[in-house]
Amino acid sequence: MSVLTRDEAQSRAELLDVHRYTIDLDLTTGDETFDSRTVIRFTARSDGDTFVEMKPVELRSVSLDGQPLDPGALDQDRLPLKNLTAGEHELRVDATMRYSRTGEGMHRFTDPTDDETYVYTQLFLDDVQRVFAAFDQPDLKAVFELTVKAPEDWTVLANGVTEDLGEGRWRAAATPLISTYLVAVAAGPWHSVRTEHRGLPFGIHCRRSLAPHLDADAEEILDITRACYDRYHEKFEEPYPFDSYDQAFVPEFNAGAMENPGLVTFRDEFVYRSAVTDTERQTRAMVIAHEMAHMWFGDLVTLRWWDDIWLNESFAEYMGYQTLTEATRFTDTWVDFGVARKAWGYDADQRPSTHPVAPEAVDDTAAALLNFDGISYAKGASALRQLVAWMGEKDFLAGINIHFRRHRFGNATLADFIDSLAAATERDVHAWADAWLRTTGVDTLTPVLATAPDGARTLTVERAGSRPHRIRVGVYDRDLTDAGGLTLRERVDLDIPQTAPQTLGKRPALLLLNDGDLTYTKVRFDADSAKAVRADLSGLPDPLTRAVVWNALRDAVRDGELPAADYLETARVHLPRETDLALVQGVLAFTTVHVADRYLRPEDRPAALATVSALCRDLIRRTEDGDNPGLRLIAVRHFIRAAAQPDTIAAWLADGTVPGGPELDPELRWRILSRLAVLGATDEAQIAAELARDPSASGQEGAARCRAALPDPAAKARAWEAMFGGDDLSNYLFTATAQGFWHPEQADLVREYVPRYYQDAVAVAARRGPAIAVAAGREAFPAHFVDADSLALGRACLRDAGPVTALRRRLTDELDDLARALRVREA
């Protein structure tokens, strides 16, 4: 497969002006392939040669201006168009395309619950070529007209309003000018809930087997959608630019969601069939808000080339969290961002694969795909939040609206965006952009307290790094009442670097840099503040303040400055009194996945799991009165995850309930059975019985995870062969099998697979493409083997030319995390 380079894209954009695609898809030709017929009308500005992209199973015919071209000229995914003359042209392509099982191109899925089949497109970043012929780059926008033939009991959704023409034929309204990667189709016997808002058709859609669960949450989803829509119209002068707003929850989706204009696709795990916490509902709401923001930033105004992907994702990430906070009941969204998303950004920015938020050297589409990471999302959103704190929200929104006005239905660059902001403020946003968007790494801020000649305490902030920061400093005193804890004395706004020390008055019990989490930086504590954190962290009154503190402790563990056991002890002391669900979830996840499983030595892991189990028991006891079911659910999940003995959770499974609740829904049942499999306390018969009880797609994944987790050589061999020996597993079943395979408890059993992993992962990634490459490099990576031998094997693999680009990036990241875990253990 070839990749498109920046230079090739620039040359083609200079030559061509693409006007219109007329696409006809026939989805009735069988289970493996579909027919795709495309007419592209375009203008050549001068005489020259170019090419069109497509990845057909069979290219039946091609003609240019009525003259046939040789289908045999197709080279990999490019068909040359030679000797074009200046003027208007019409290209016609008739091809057979293959359905995907990996979430790329036109994905086909048959629901095991009822045998109904669904197809949908995911055309990002260059997968439109799997569905129809295209000049596939973001700056060759065009109008798209689409017709689809489907089975007669199906509904077809697309970017525009669709019309049922009868006998399985559907026609979608022509789009405005959009990029090729944003075209969308979703077809199947959808269950739909439709309404209107401000005269615009709204719809939400899912598989029929999920209908009761979508119906239960339909008003919540639509209320969030309406609230975000209204709030964006208060912020943005440009009205919503498309003719409808459909949200389809689709199976086996690789991302969280995709911002196709007028037809946003979401992973259908967001249609909750089991109990979830309010934080998980908030996450779904944030994704809704994020994708709607893309209708303006990404769809109305689109990047010119993939080096500016942050313009899409950072903006939508920031705007999603901020708008949700302003317009819905979810008013503490920045806590979840701080403890979950921001940690993703910090981790990515400290690996050798880091890159600037706005990189200058994205040479081709393969390199571009790697930048959809914690930097483009979380760090970029953090940078925008800092920008708003620095220049003010009024000027920021004014600049945004200038940008929309200047570039509507067109393409823009970082320089265009900064120029639009500069038109709205007297601040030097160009210098800000150079400092924040063109640099890599995480700054670290450390407080230095001193006594002035007059006896007052002063604060100087030492900065390791180069970026300017506008922060708030929280000054906390010990509460001398019976309530105890810490009380806020004041918050001081501070610009870093400072021009002079900041006077504080009497010495505080706790001095917290970046209180409110307005900037992107690691923070450290002075000695007295560190003691106050250990004693009184849970007594801090603001959850966002506590999130900053927990992140600081997390960073200190990862940097080898705080023993992992100390973090675990802090969690044991303070988490039972924590009230914010996002914080409880984030801290428990770090404690189990990183501290217990990787940062502590194997001989210390049983004691760590016992501590986590005791902590979760405390939370379960605390919630016996039923007034905090979300907290109880988190505690139950992590108790299962940390169980070292099967008795308690096996009794829960047998009884169908946790004593005092909750009753076990399918998600909890599979979670328990998976842990029992790891512990050797279940077998194939019980897994098969559970699958008969829950034959859904999620049940199939649960069974695959359990079977791979069985501590039996034959079970491990079967799982390995399924992942790496054949190509039958869908993207989701591959991931589930990989998640079940490696466990610290089974190190001796699976150690022989560690050297095999590097050879087999390279092979499967080359055969099956980027989506499986990412899954093989992430879920299938032997992360629990924190030793020098495993690190050496991985580094030898990277020195070889074998791994495809997507796998090479994942291995680079995972091996860096492994090396960090080794350093933490040594420290």
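Helix α24 (residues 753-768) and α25 pack at an angle of about 160°, with their axes 7 Å apart. That makes α24 roughly antiparallel to α25, where angles under 35 degrees count as roughly parallel, over 145 as roughly antiparallel, 65 to 115 as roughly perpendicular and the rest as oblique. Axes here are lines fitted to C-alpha atoms, for helices over the stretch in contact, and angles run from 0 to 180 degrees between N-to-C directions. The contact is made by Y757, A761, V764, A765 and R768 of α24 and by P770, I772, A773, A776 and G777 of α25, contact meaning heavy atoms within 4.5 Å. In passing α25, α24 makes a right-handed crossing. A crossing is left-handed if the near helix is turned anticlockwise from the far one by less than a right angle, and right-handed if clockwise.

The model is predicted: local features need pLDDT of at least 70, side-chain atom pairs count only at pLDDT 80 or more, and totals for chains, interfaces and linings use all residues. Residues are numbered from 1 along each chain as its sequence is written, and side-chain values use heavy atoms, with hydrogens and water left out. Helices (H or I, at least four residues) and strands (E, at least two) are DSSP runs, numbered from the N terminus.

**Further helix packing**

α25 (residues 770-778) also packs on helix α27 (residues 805-826), at an angle of about 15° and with the axes 8 Å apart. α25 and α27 are therefore roughly parallel to each other. On the α25 side the contact is made by P770, A773, V774, A776, G777 and R778, and on the α27 side by A806, L807, R810 and E814. The crossing of α25 past α27 is right-handed.

Helix α16 (residues 629-642) packs against α18 at an angle of about 20°, and their axes are 8 Å apart. That makes α16 roughly parallel to α18. Their crossing is left-handed. The residues L633, V636, R637, I640, R641 and A642 in α16 meet E667, L668, R671, I672 and R675 in α18.

**Helix α5**

How far apart are the end C-alpha atoms of helix α5 (residues 333-349)? They are 23 Å apart, which agrees with the 24 Å that its 17 residues should span at 1.5 Å a residue; the expected span is 1.5 Å times one less than the number of residues. α5 has a kink of about 35°, centred on K342. The bend at a residue is the angle between axes fitted to the seven residues ending there and the seven starting there. Of the 17 residues of α5, 14 are buried, so the helix is largely enclosed by the rest of the structure. Buried means under 20% relative accessible area, exposed over 50%, and partly exposed in between (1.4 Å probe, protein chains only).

**Backbone geometry in loops**

| Residues joined | Omega |
|---|---|
| F124 and L125 | about -10° |
| G661 and P662 | about 5° |

L125 is placed in the loop between β9 (117-122) and β10 (143-149). P662 is in the loop between α17 (647-655) and α18 (666-678).

Q76 is not a glycine, although its phi is positive, at about 55°. This residue lies in the loop between β5 (67-69) and β6 (78-84). At 52% relative accessibility, Q76 counts as exposed. D517, also a residue other than glycine, has a positive phi near 60°. Its place is in the loop between β27 (510-513) and β28 (522-523). Is D517 buried or exposed? With 5% relative accessibility, D517 counts as buried.

**Individual residues and their surroundings**

R524 is found in the loop between β28 and α11 (527-536). Its relative accessibility is 11%, so R524 counts as buried. Leaving aside neighbours within four places in sequence, R524 is in contact with T444, L445, T446, P447, A552, D555, A556, D559 and E561. R524 and L553 are 29 residues apart along the chain, and their C-alpha atoms are separated by 8.5 Å.

D813 belongs to helix α27. At 3% relative accessibility, D813 counts as buried. Which residues does D813 contact, leaving aside its neighbours within four places in sequence? They are R351 and S353.

A792 is placed in helix α26 (residues 788-799). With a relative accessibility of 43%, A792 counts as partly exposed. The C-alpha atoms of A792 and L815 are separated by 9.3 Å, and the two residues are 23 residues apart along the chain.
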